[in-house]
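Please keep the sequence and the model at hand while reading.

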Amino acid sequence: LNDEILMAVSSAGPGTGAGVAASAITLIGIMDQQYNVLIPYYWGGGQGASAAHNYKPWNYYGANKYWGEHNCTYANNKSYCYLGLDCAGFVTWAIHNGGVNIHDTQTFYTKGKGVSVYKGEQASPGDILKHPGHIMLVLSYDKKSQKYKVAQAAGHGKGVKINDITVSYLSGADYKLYLMGDAYKKNAVKNYEEKFQEKRMD
């Protein structure tokens, strides 16, 4: 899996939106199609919340060998018992594995240009959809249907997945589209393939 992620990002272009999208698509696609599993949604996952492993996604490359391990945490009157990623942790993981220096999704998205979700024709793979309670990665936009294809950690019991979301829903939920291309370019990792191999988690 990690070899596939490295190959996909290297082909798409490390430090670009296409590279970021490629990391997400490859991870989700292989986990779903080859292993028929979803990476669990885990509150705080990917942001150092795991007391067992404290795995922050900018400290390693590739799929995390601890995903799926039983280790309960509790939030919002719900239990999250299998290590995985939450929404910010997943987007951070995808950006980092896409060849971009990032240490905090909570503020990194502000480096992009915020526009209305109705300007989807300006969107490119790797851009971000954000509102105060959730963050998602744009994979594509279809003007005819006015739908975004997104990759996201979808919430309790839903896991990390790819799905379509309408502009009308996003607008009603106060989402904003952040155009990230320039930010990725300015923060691109040098010698990406070498660093991936040095810090890959197998």
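The structure, a predicted model, holds one disulfide, the term being used for a pair of cysteine sulfur atoms within 2.5 Å. Local features need pLDDT of at least 70 and side-chain atom pairs count only at pLDDT 80 or more, whereas totals for chains, interfaces and linings use all residues. Residues are numbered from 1 along each chain as its sequence is written, and side-chain values use heavy atoms, with hydrogens and water left out.

**Cysteines**

- The disulfide is formed by Cys72 and Cys81, whose sulfur atoms are 2.0 Å apart, and because the torsion about their S-S bond is about 110°, the disulfide is right-handed.
- Cys81 is buried at a relative accessible area of 18%, while Cys72, at 28%, is partly exposed; buried means under 20% relative accessible area, exposed over 50%, and partly exposed in between (1.4 Å probe, protein chains only).
- Cys87 is also buried, at 11% relative accessibility, and the closest cysteine sulfur, in Cys81, is 19 Å from the sulfur of Cys87, which is too far for a bond.

**Positive phi in loops**

- Asn36, although not a glycine, has a positive phi of about 55°, and Asn36 is exposed, with a relative accessible area of 66%.
- Asn36 lies in the loop between helix H2 (17-33) and strand E1 (70-75), where helices (H or I, at least four residues) and strands (E, at least two) are DSSP runs numbered from the N terminus.
- Asn76, likewise a residue other than glycine, has a positive phi near 55° and lies in the loop between E1 and strand E2 (78-82).
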